[in-house]
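The sequence and structure come first, and the description follows.

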Amino acid sequence: MAISEKPLHYLTIHEAQKLIHDRALSPVELTRAVLERINAVDGKLHAYINLMADGALQEARAAETEISRGNWRGPMHGIPVAVKDQLDVEGAPARIRQHTKGVGDATAVRKLREAGAIMMGKLAMSSMPDEPPQPRNPWNTDHITGGSSTGSGAAVSAGLCLGSLGEDTAGSIRNPSAFCGIVGLKGTYGRVSRYGLAPLSWSLDHCGPMTRAVEDVAHMFQAIAGYDPKDPTSSTASVADYAGAIRDDVKGMVVGVPQDYIDECAPRTHPIVLDLVEKAIAELKSLGARIETVTVPTLKLATIANAVIYYNEFWAAHKSDAPWVLKNGAAQRRARIYLGLLTGSADYIQAQRIRSRCRAELAEVFGKVDCLALPNQAGPAPLVKEVGPIDTLFKHVVPEYHGPFNLTGLPTLSVPCGFSENKLPIALQLVGKPFDELTIIRAGYTYQQNTEWHKQRPPI
Amino acid sequence: MDKLIEQSLKALLAREGLEPKEGDLEQFAEIIELYMGNLKTLHSVDLGAEELGPVFRPEWTAK
């Protein structure tokens, strides 16, 4: 009898960890299946920029030996994962570090290794110095994956790893998760260490998991969350048992809908997104959640405040690279330097004041609701040929759905909630209280237990 | 691009010993002008005497 009814490369982490635990599936067999999948399709997707096949097989053999001796470390043991290149890995520092050294394994990478995960390699991201081929969307390779965790979106969606670490400064986990039909979690700022994450913007950067199911995000997040003395903004807040406490139940949960902000973004949002997100919220209601309309007036300024902080901190972080970047770097990086330079101290401070105001308004709203629900994207993934080199930056400077939650550091979860007419994924965004990732994980899990969107796989 | 913005950017670049890549100021004119306009919007908000709160701390509440 087959180990699994579905191809091994499409097992969820939750499915695979059960089989590995029960010794019905070997980490070596699983890793080989994922490598075969990479060899079969990554020539079309360009997700990996550094495939560590030999090291992965060595790690898989070690995991197999350990598990066979009865030393199963937990749900991530023997699970093939890959990471966005922005994270340092021993022997493979982030390529966007051009004048600073890597740190060996980033803390999140180290924690995944300690949990027994198999490191498959490093994945492409936007604006890399050597500009490798742009990853393609597995649902239709004429379309983009969304960025900047471009390779992570493509790899997880197409079965080139079971989970990935991404990074999000202005939507870079949630955007590719939405476009590629997978689940992405940006935890609360401070929840996951940024040590070893090459900075784009110190106070906005978040590292988080990208997977094919909400329960998988819980397993990966469990492995990487927690205090790290090497990150000065790491939080000592206690870490919940995300996977253990997950359950199919939103009865009594109060879900706030910031309708005024959705209306603000609506002229730039495709109707299919508004329609499918409205249906997803109605589904949560039918499952027992109470829906409340909420108002957060400063949200309309949050995207630009996020951009001001982003570009100013980017300039400060990349000043030593600037001579090289302005001669040879990607257009987006050059533009960020110009915008960062043009941002004065009064602008930066005003953005921080907006940040404080927005945070206070959201804290008041979260006194009345358990989470927020809103769209996660302006439309389905655009065609590659229709996206200019700096188009992403326009998204950063008009009100949209991602930046406000980098600005405020709130946890957010991207959950697939349907498809456009041309079969491209659409996602719902759930936003939680600070350090309450569990509530949005529970809401997302309940939604997935009662819908089928996340079970669909791309045609590639 | 607005002349004043262009001159400001060139001066800021020169102060850092940098030069824009050829064609960049024309290519990026739209995003730069949009961004500069949005900076004005950011400053048009009346925050009253509200002081800058903690720039950022992971643990935050309404208080």
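The axes of H11(A) and helix H14 (residues 345-365) of chain A come within 9 Å and cross at roughly 135°. Axes here are lines fitted to C-alpha atoms, for helices over the stretch in contact, and angles run from 0 to 180 degrees between N-to-C directions. H11(A) is therefore oblique to H14(A); angles under 35 degrees count as roughly parallel, over 145 as roughly antiparallel, 65 to 115 as roughly perpendicular and the rest as oblique. The crossing of H11(A) past H14(A) is left-handed (the near helix is turned anticlockwise from the far one by less than a right angle).

This is a predicted model, in which local features need pLDDT of at least 70, side-chain atom pairs count only at pLDDT 80 or more, and totals for chains, interfaces and linings use all residues. Residues are numbered from 1 along each chain as its sequence is written, and chains are lettered from A and ligands numbered from 1 in the order in which they are written. Helices (H or I, at least four residues) are DSSP runs, numbered from the N terminus.

## Helix H11 against helix H13

Helix H11 (residues 299-318) of chain A also packs with helix H13 (residues 331-342) of chain A, at an angle of about 105° and with the axes 7 Å apart. H11(A) and H13(A) are therefore roughly perpendicular to each other. Residues in contact have C-beta atoms, placed from the backbone, within 7 Å. H11(A) contributes Tyr311(A), Asn312(A), Phe314(A), Trp315(A) and His318(A), while H13(A) contributes Arg336(A), Ile337(A), Leu339(A), Gly340(A) and Leu341(A). This contact has six nonpolar, three polar and one charged residue; Ala, Val, Leu, Ile, Met, Phe, Trp, Tyr, Cys and Pro count as nonpolar, Asp, Glu, Lys and Arg as charged, and the others, Gly among them, as polar.

## Helix H5

All nine residues of helix H5 (residues 150-158) of chain A are buried, so the helix is largely enclosed by the rest of the structure. A buried residue has 20 or more other C-beta atoms within 10 Å of its own. Just after H5(A), Gly159(A) takes a positive phi of about 80°.

## Contact between the chains

Chain B gives 32 residues to the contact and chain A gives 41 residues. On the side of chain B that touches chain A, the elements giving two or more residues are helix H1 (3-15) and helix H3 (29-43) of chain B. H3(B) gives the most to that side, with 10 residues. By class, that side of chain B has 21 nonpolar, six polar and five charged residues.

Terms used. A residue is buried if 20 or more other C-beta atoms lie within 10 Å of its own, exposed if 12 or fewer, and partly exposed in between; C-beta atoms are placed from the backbone. Two residues are in contact if their C-beta atoms, placed from the backbone, lie within 7 Å.
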